[in-house]
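Subject: Handover of a structure, with findings

Dear colleague,

Please find below the sequence and the structure that I am passing on to you. A short account of the findings comes after them.

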Amino acid sequence: MYILIDGIPSRYEYEKLARVFFPDQKMNESEADDPGALRIEVRRKGSRLSSRLRLGSSEFYDEVDAPEELAQDRNYCELTIAQLLCRQLIRLTGFNPPWGLLTGIRPMKLLRMLTREYGREEAERRFREDYLVSEKKLAISRRTIVGEDKILSLSKDNSFSLYISVPFCPSRCSYCSFVSQSVEHAAKLIPEYVELLVRELKITAGIAASLGLRLESVYMGGGTPTTLSAEQLERVLTATAGYFDMSGVHEFTVEAGRPDTVTPEKLAAIRRSGVSRISINPQTLNDDILRSIGRRHTVAQVYEAMDMARAAGFDNINMDLIAGLQGDTLASYMHTIDGVIALEPASITVHTLAMKRSARMVTEHIARYNAEGLLASQMLDYGEKRLTESGYDPYYLYRQSGMVGNLENVGWSKPGFEGVYNVFIMDETHTILAVGGGAVTKLKQPGVNNIERIFNFKYPYEYISRFEEMMARKEGIRKFYDQFC
Ligand code: SF4
């Protein structure tokens with residue numbers, strides 16, 4: 001099935017909205033004769049705003065007149081047409097997206113912007129009535145913004161955070177969309193990768209120091225950094241602590257994501273290097289599902305990894321979970337949430353599965369799509385209730401395209417254990433200097449919403465073979481800041 005959009009030239013927002021209901025469907029103008037296509041006509045003629053939607057024998061047409069004073073206001077008109085279209089898509093599919101018209105990944109950023117401009121009450125009214133966000137999602141946003149704001153206040157104009165990428169994993173999880181190499185294929189590249197990573201850290205630290213930038217947080221992710229040996233981890237982490245001024249750092253995180261990569265030696269090396277926070281990610285406490293998603297570790301290994309981490313002296317441990325995994329039931333998910341809460345990690349990040357390859361969302365599959373979304377939504381509701389009862393508060397929230405039920409990812413933590421890097425990166429608060437394969441440096445212009453990016457090569461073999469080329473690009477960091485100082 002194709003989605004065909006006609007009318008207003010700026011179609012991108014309408015395309016994204018249609019994909020909330022029909023993920024994975026392609027836009028294809030050359031298939032204009034396809035009788036199975038979803039046809040959307042959005043128009044703005046004078047003050048008349050309209051949307052027509054057709055799929056098979058179903059057709060909807062709605063129009064409204066913009067008030068005279070707003071008829072030339074492009075934002076108002078496009079938002080109004082999007083509301084018409086969204087309501088038609090709801091009627092067609094029976095699916096009521098909980099985040100309404102919001103298709104971007106940062107709903108909190110929009111709420112914060114609206115609050116700054118109109119005050120809290122009006123911002124919430126617009127979220128609900130203009131963007132059609134549900135009461136439930138408004139409520140979690142309201143709670144989350146409190147935690148986020150506390151963290152954002154730590155950042156200054158010359159702040160930056162450091163991201164260290166280790167794009168290797170023991171095996172590939174079926175739902176993964178990251179650029180990560182299974183070690184089975186890339187193990188021989190790791191020693192050289194580590195050496196170059198250390199060189200890149202030194203170069204990056206030199207640039208940061210020469211610009212007078214102030215380091216707020218460090219995050220080593222990937223991939224699974226604990227795929228490296230204890231010696232390799234210590235080499236990279238001590239180099240980081242040695243090259244950068246760590247005196248103002250609020251948090252130094254290493255993702256020890258896959259429990260099957262965790263050993264007492266690696267944890268000791270991480271701890272010795274000054275790391276304050278680690279993440280051990282079960283995703284689910286159901287062995288059958290772990291097998292089916294290609295995680296290649298067991299629930300027992302999750303418990304062992306947690307015991308090892310505690311024995312190594314870590315008290316700030318995050319655990320990641322996923323709601324909506326194929327084959328998971330509400331009962332099994334409830335067991336996962338309860339089991340993870342019983343382990344008392346400092347924070348728990350609840351993701352909703354983002355579908356890499358969704359079911360074909362033609363009409364006969366809409367019922368299944370809705371059922372999967374409803375189940376994931378019930379999972380999140382249960383999680384929210386149990387986490388709240390257990391003393392966790394939401395402190396960051398973001399969304400991805402293609403999420404089951406069009407839901408969200410939420411970071412929950414005990415007070416004082418919020419993951420600050422997560423908030424900085426999601427809010428685009430300050431510059432992120434990133435090192436390693438696939439890493440993207442994001443340069444934030446102080447005081448405004450302008451971000452420039454410098455990309456490292458994605459794959460470890462390119463990272464190694466084209467290292468000098470990438471280091472030359474890093475000079476762009478200095479050029480960027482020179483414009484404003
Ligand atoms: S551990 Fe994470 S990065 Fe690695 S394959 Fe699985 S989901 Fe992807």
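Predicted model: local features only at pLDDT ≥ 70, side-chain atom pairs only at ≥ 80, totals over all residues.

Residues are numbered from 1 along each chain as its sequence is written, and side-chain values use heavy atoms, with hydrogens and water left out.

The chain as a whole

The chain contains 17 helices and 18 strands; helices (H or I, at least four residues) and strands (E, at least two) are DSSP runs, numbered from the N terminus. Its C-alpha trace spans about 65 × 55 × 45 Å along the principal axes. Of the 485 residues, 55% are buried, where buried means under 20% relative accessible area, exposed over 50%, and partly exposed in between (1.4 Å probe, protein chains only).

Cavities and a pocket

Rolling a probe the size of a water molecule over the atoms shows where empty space is left. On a 1 Å grid over the protein atoms alone, a cavity is a set of points where a 1.4 Å probe fits but cannot get out, whereas a pocket is an open set with protein on both sides within 12 Å along at least five of seven lines; lining residues have an atom within 4 Å of a point. Grid points are joined across faces, edges and corners, and a volume is the space filled by probe spheres set on the points.

The structure has three cavities of 30 Å³ or more. The volume of the largest cavity is about 90 Å³, and its lining consists of Ile 140, Val 350, Leu 380, Gly 383, Glu 384, Leu 387, Glu 408, Val 410 and Trp 412. The lining of the largest cavity divides into six nonpolar, one polar and two charged residues. In this classification Ala, Val, Leu, Ile, Met, Phe, Trp, Tyr, Cys and Pro count as nonpolar, Asp, Glu, Lys and Arg as charged, and the others, Gly among them, as polar.

The second largest cavity has a volume of about 50 Å³. Among the residues that line this cavity are Arg 106, Arg 112, Glu 148 and Asp 427. Helix H3 (107-118) and helix H14 (420-427) are the elements that give two or more residues to this lining, with H3 giving the most, four residues. By class, the lining of the second largest cavity has five nonpolar, no polar and five charged residues.

The second largest pocket has a volume of about 980 Å³. Its lining has 32 residues, of which Glu 13, Asn 75, Leu 79, Leu 110 and Tyr 131 are the closest to its centre. Two or more lining residues come from each of helix H1 (12-21), helix H2 (74-93), H3 and helix H4 (120-130). H2 supplies the largest share, eight residues.

The ligand shell

The residues around the ligand include Cys 169, Arg 172, Cys 173, Cys 176, Gly 223 and Arg 295; a residue is counted here if one of its heavy atoms lies within 4 Å of the ligand. By class, this shell has five nonpolar, three polar and three charged residues. Cys 169 counts as buried because its relative accessibility is 11%, and Cys 173 is buried at 8%. The structure holds zero disulfides, a disulfide being a pair of cysteine sulfur atoms within 2.5 Å. Gly 223 lies in the loop between strand E9 (214-222) and helix H8 (230-243), and the peptide bond from Gly 222 to Gly 223 is cis, with omega near 10 degrees.

Other single residues

Arg 296, in the loop between helix H10 (287-292) and helix H11 (299-311), has a positive phi near 55 degrees. Its relative accessible area is 54%, so Arg 296 is exposed. Glu 344 also has a positive phi, about 55 degrees, although it is not a glycine.

With kind regards
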